[in-house]
Amino acid sequence: MAAADAPVTTGQKTHRYLRLALVLIVVALIFAVVLQSIVVSWTPLIFGWNPLPSISHAFYTPVRDVFVGTLIAASVALLALSGRSRATTLLDVCAVFAPLIAIVPVGIADPRAVDRMPCPTAQECIPVDAVASAKAGIAVYAVVVVAVVVTMALIRRRTRTPNRSATLVSIIALVTAVVVVALAFAPAVNEHFPFNFWPVNSIHFAATLLFFGVFAAVPILYAGGPLDPDETPPTPRQRTIYRWISGLMIADLVLLVVALLFRQAFGETPVVLIGEAVALILFATFWWVQTFQRWDDPNPPSIAAPRPSTA
């Protein structure tokens, strides 16, 4: 019986819909930012044109809940799609950084934002209540990281399914949690929190660049062919798309770094917003194409590697 005609298992359905959900999560975030950019006022409803300086500035708008919720949901989906290949290991690392983009807000040095939320100095800042919210979020983040790492280690031990990739991701997650907790609470370094991450300065920007930087390697790997013997290999057209996504993502990351370093020089031009939007569209495009590449995979990736046969 052909793979396409075989009965679809619950695992296959879950894998398909998680992948589609990840695409729709990105669509929801982009739509929220577009909506906020064309709605000048919600009460009363007034339309106009007021683009955000960046997608991250949605944190300070009425679509804040969508911004935070989509990033947390994306992190959960990425972890649920964990697998055994190098690419899925990188996606797990992305899941480590995604919540920090939501938890630690971007600074508000842009004049369009300062009018409503003045900074005490001429430098970037975040409102006092946002500082408290970020610290509380980091505390919860650290606890959840430890809980997930311990839980998954116990599961792997109980099921006797060692997974070196999961161990590596666990180490990265624990180190990340320790670093952000130190930056938020250690008296020796937390004076300028959340702008105390050397050399990028902003913890938010560091997490954003790490997220997209790690993800950029994923389509590069898939452009070379299948990474797991059980997965459906990409067609020549899909490989070409992956190569284009990789190249555009790298170019876009360079644009983002330049835009972040020289954002004051760009004035009212929302270069960071454009760069982040392009990165999200490339992210969603990759997932859309790969979802249908792997639609009929008989053995979708899972957190634990399959137990070796004892026969």
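This is a predicted model: local features need pLDDT of at least 70, side-chain atom pairs count only at pLDDT 80 or more; totals for chains, interfaces and linings use all residues.
## Overall fold

The protein has 9 helices and 2 strands. Read along the sequence, the order is α-β-β-α-α-α-α-α-α-α-α.

The chain counts 311 residues, and 46% of them are buried. Take the contacts in the protein with a separation of 6 or more: residues 24 or more positions apart account for 70% of them. The accessible surface is about 15900 Å². Carbon and sulfur atoms hold 70% of that surface.

## Helix H6

H6 runs over residues 164–185. Its 22 residues reach 31 Å from the first C-alpha to the last. That is close to the 32 Å expected at 1.5 Å a residue.

Which residues of H6 are buried? They are Ala-166, Val-169, Ser-170, Ala-173, Thr-176, Ala-177, Val-180, Leu-183 and Ala-184. Seen down the helix axis, the buried residues of H6 fall within an arc of 165 degrees, so they line one face of the helix. Arg-164 and Val-178 are exposed on the other side of H6. The cover over the buried residues includes helix H3 (86–103), helix H5 (128–159) and H7.

## Aromatic pairs

The model holds 12 aromatic pairs. In one of them, the ring centres of Tyr-242 and Phe-286 lie 5.4 Å apart. Their planes meet at 55 degrees. Planes under 30 degrees apart count as stacked and those over 60 as edge-to-face, so this pair is tilted. The pair links distant parts of the chain: Tyr-242 sits in helix H8 (residues 236–261) and Phe-286 in helix H9 (residues 271–293), 44 residues apart. Tyr-242 is buried, at 0% relative accessibility. Phe-286 is also buried, at 0%.

The rings of Phe-292 and Trp-295 have their centres 5.3 Å apart. Their planes are at 15 degrees, so this pair is stacked. Phe-292 is partly exposed, at 41% relative accessibility. Trp-295 is partly exposed too, at 23%. Tyr-242 and Phe-286 also belong to an aromatic cluster, together with Phe-211, Phe-212, Phe-215, Tyr-222, Phe-283 and Trp-287.

## The salt bridge

How many salt bridges does a search of the whole structure find? The search finds 1. The side chains of Asp-296 and Arg-16 meet at 3.1 Å, N to O. Asp-296 lies in the segment after H9, and Arg-16 lies in helix H1 (residues 10–38). The pair therefore ties together parts that are 280 residues apart in sequence.

Are the two partners buried or exposed? Asp-296 is partly exposed, at 29% relative accessibility. Arg-16 is buried, with a relative accessible area of 9%.

## Cis peptide bonds

The peptide bond from Thr-43 to Pro-44 is cis, with omega near -5 degrees. Pro-44 falls in the loop between strand S1 (39–42) and strand S2 (45–47).

The bond from Phe-193 to Pro-194 is cis as well, with omega near 5 degrees. Pro-194 is in the loop that joins H6 to helix H7 (203–223).

Note on methods
Residues are numbered from 1 along each chain as its sequence is written. Side-chain values use heavy atoms; hydrogens and water are left out. Rings of Phe, Tyr and Trp (its six-membered ring) pair if their centres lie within 6.5 Å; planes under 30 degrees apart count as stacked, over 60 as edge-to-face and the rest as tilted. Helices (H or I, at least four residues) and strands (E, at least two) are DSSP runs, numbered from the N terminus. Buried means under 20% relative accessible area, exposed over 50%, partly exposed in between (1.4 Å probe, protein chains only). A salt bridge is a side-chain nitrogen of Lys or Arg within 4 Å of a carboxyl oxygen of Asp or Glu. The expected span of a helix is 1.5 Å times one less than its number of residues. The arc is that of the directions from the helix axis to the C-beta atoms. Contact means heavy atoms within 4.5 Å. Accessible areas come from the Shrake-Rupley method with a 1.4 Å probe; for residues, only the protein chains shown count as cover.
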